[in-house]
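The following note sets out some points on the structure shown below. Please read each point with the structure open beside it.

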Protein chains: 2
Amino acid sequence: MSDATFDDVLRIASPEADSQAEHGPVRIEEVARLAQVSPITVSRALRRPQMVSAVRRERIMKAVEETGYSSNPHAKALKSGRSDIVAAFVSNILSEQFSLAIEGLSDVLEAAGFQVALGRTSYSYGRETTLIRSLTAIRPAAVFITGVMELESNRTFLRNMGIPIVESWALARDPIDMLVGFSNADGARMVAEHFAAKGYRKVAFIGRSGGRGMLRLNSFTKSCEQLGLKLCRRISRDTVSGIPEGRQAMQDLIGEGSDVDAVFCASDLLAIGALLEARGRGLDVPGDIAIAGFGDSTLAEEIMPGLTTIAADTRKLGAVAGQMLLDRLQETQPEETQAGHAIRNIPLRLIERGST
Amino acid sequence: MSDATFDDVLRIASPEADSQAEHGPVRIEEVARLAQVSPITVSRALRRPQMVSAVRRERIMKAVEETGYSSNPHAKALKSGRSDIVAAFVSNILSEQFSLAIEGLSDVLEAAGFQVALGRTSYSYGRETTLIRSLTAIRPAAVFITGVMELESNRTFLRNMGIPIVESWALARDPIDMLVGFSNADGARMVAEHFAAKGYRKVAFIGRSGGRGMLRLNSFTKSCEQLGLKLCRRISRDTVSGIPEGRQAMQDLIGEGSDVDAVFCASDLLAIGALLEARGRGLDVPGDIAIAGFGDSTLAEEIMPGLTTIAADTRKLGAVAGQMLLDRLQETQPEETQAGHAIRNIPLRLIERGST
DNA sequence: TTGTACGCGTTATCAG
DNA sequence: CTGATAACGCGTACAA
């Protein structure tokens, strides 16, 4: 312990001393005794109120209130073979867009009594596989993935668990189960069309070489051809894409002395890095070079001169995913709970700002 | 479903068909049968290997391998009255610093077989209280908080759970249990000293009015007095502090026609908003006005002309917290597991960049 | 509508 | 060192 100064921290006293935690957790039996019924009746009163007479139900509810009873989720999970946990796989929790999706998801699910457990795959198949295998033990009620599961073995494994699954972030043709995504291809096309409309002719692409970066590049390439744009340069890296990588890529581009008009960056962070580098070297954006991104991060609006980008409402995406899972979890006829291959599309829009 | 273009998504086939999930989870009994021992011996072989003879232990381990057995965490939790879940309370998952702390925490804990469950308090006492109460049901093994619990009732509740708890992000004098923090007061003083050393004399403060914002303001105020700096203006808001709020605050400051030299913003995002606004209005930073932040976000380094800021290694903070929890969880004599009031200090340093 | 008996998978206890 | 027995708290199946 160094001699650092201690902070004086706010403390807020509360009148009622809450000694509830002292006596350990309340069991259903205690509630039953208080309400003068059997434990199973308490259980029913909570799970299927209409199965219990009004008189007892009220007595029970009162006892529940008084004791602060809530059922033990582990016992419940053990009995039912299924927990109230929804597993959410995220490649990178530092991503604003993924975090927003998780917020949307957990807002919906927590309101319905489910817990969201985060698993970080860190863009690694190894970690992803490890996490997937651990699901056998946890017995989640459902699974959400910010992305599409790529390894066929993991897809099979998840499918065999027989629980609702939502993949996301792309409009894949045959999801494991359900899907809520947006069309990366459309987004890339919108950028190409925007470039064409603004009169840019010689364009470049910066992005990750795998996954969605690749999707965006493929579509961008095709659209450029159709629109008569010349795609002079593609800079792909397979590392995670942040501001420094964007800077580096732009540096490469400029260093080559290329005469590119406009650059499409497959993520906002890449685009912001590129933009900062370009301006730092005295280039005018968009005069000397136009830049567009993907994702509509907070920064896209704040940075000078404003970043043109493709926006998807990812908080909504998460909320929709949560609702799809809930719908399936709360279905009355579990027999019908076959993989429905429901697909929901989240529309994209291009937001034009100063950078193009 | 609109007519959006379907993306072609990468699929990676894998040679070995893994049919493990088909047959439902493997139970300890199956392993026992395979190894020709009783279930309890399997349990012991896994939890206390030295209690089982080498011969059987090997047979058992082989059977575990073959079946892919892993113990059911719900049954374990039910039996032991304690789960392998560590609850982590975060006020805002969109914060880069908090996310890094969570990464550090879960890297350490997951390696030791614990699961980290995130609870978002959203800077709301109500949500915090709700989450705290829900812990009774979940029976976490331990609790981590990115911040200091302020409500006395919640502090009591947590203390009474009798599990290891780590608060963080400030050097509070009497933590509920353990603490790993940095001195917000020191950080603010470092900024004041830096301003003084650079010759700035008329300074301002922008920050949140509660919690750590207040800590930083108090210390900054005192340091300014001691150093002969004139603290002309304090702009406090009680909302979450992002780039837009920083912009707004700087706008207020400039609008008043004040002749402030330098501004200390209690968070990097506020500082970046302020910086963008100042430059957007044609002010030179630091010529016309110097700006310093707190947190050392990625952006601080990237933005022009570089943001002077107070850096704390929050990933390390999370890792240290995880280790403190682990040490307590793995203590052999549970009798000694009294609230130790261990306090660890994470040093701060001022990073000077172009903005001052 | 209500209650009894039992089992979910694991591990502590105690006897061997 | 090993195994039989019981119990963790809840909810399903069945009986009343």
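1. Chain A is divided into domain 1 (15–25 + 82–182 + 315–347) and domain 2 (184–311); such bounds come from an automatic or database domain assignment. This is a predicted model, in which local features need pLDDT of at least 70 and side-chain atom pairs count only at pLDDT 80 or more, while totals for chains, interfaces and linings use all residues. Residues are numbered from 1 along each chain as its sequence is written, chains are lettered from A and ligands numbered from 1 in the order in which they are written, and side-chain values use heavy atoms, with hydrogens and water left out.

2. The C-alpha centres of domain 1 and domain 2 of chain A are 32 Å apart. Twelve residues of domain 1 and 13 residues of domain 2 are in contact (heavy atoms within 4.5 Å).

3. Between them, these two domains of chain A bury about 790 Å², with 46% on carbon and sulfur atoms. Buried area is the accessible area (1.4 Å probe) lost when two parts are put together, summed over both. A:Glu96, A:Tyr123 and A:Phe182 provide 49% of the area that domain 1 buries against domain 2, more than any other three residues.

4. Chain A and chain B bury about 7,500 Å² between them, and carbon and sulfur atoms give 56% of this. The contact involves 79 residues of chain A and 81 residues of chain B.

5. Ten salt bridges are counted between chain A and chain B (a side-chain nitrogen of Lys or Arg within 4 Å of a carboxyl oxygen of Asp or Glu). B:Arg11 forms a salt bridge with A:Asp174, with the closest N and O atoms 2.8 Å apart. Across the interface of domain 1 and domain 2 of chain A, the rule finds zero salt bridges.
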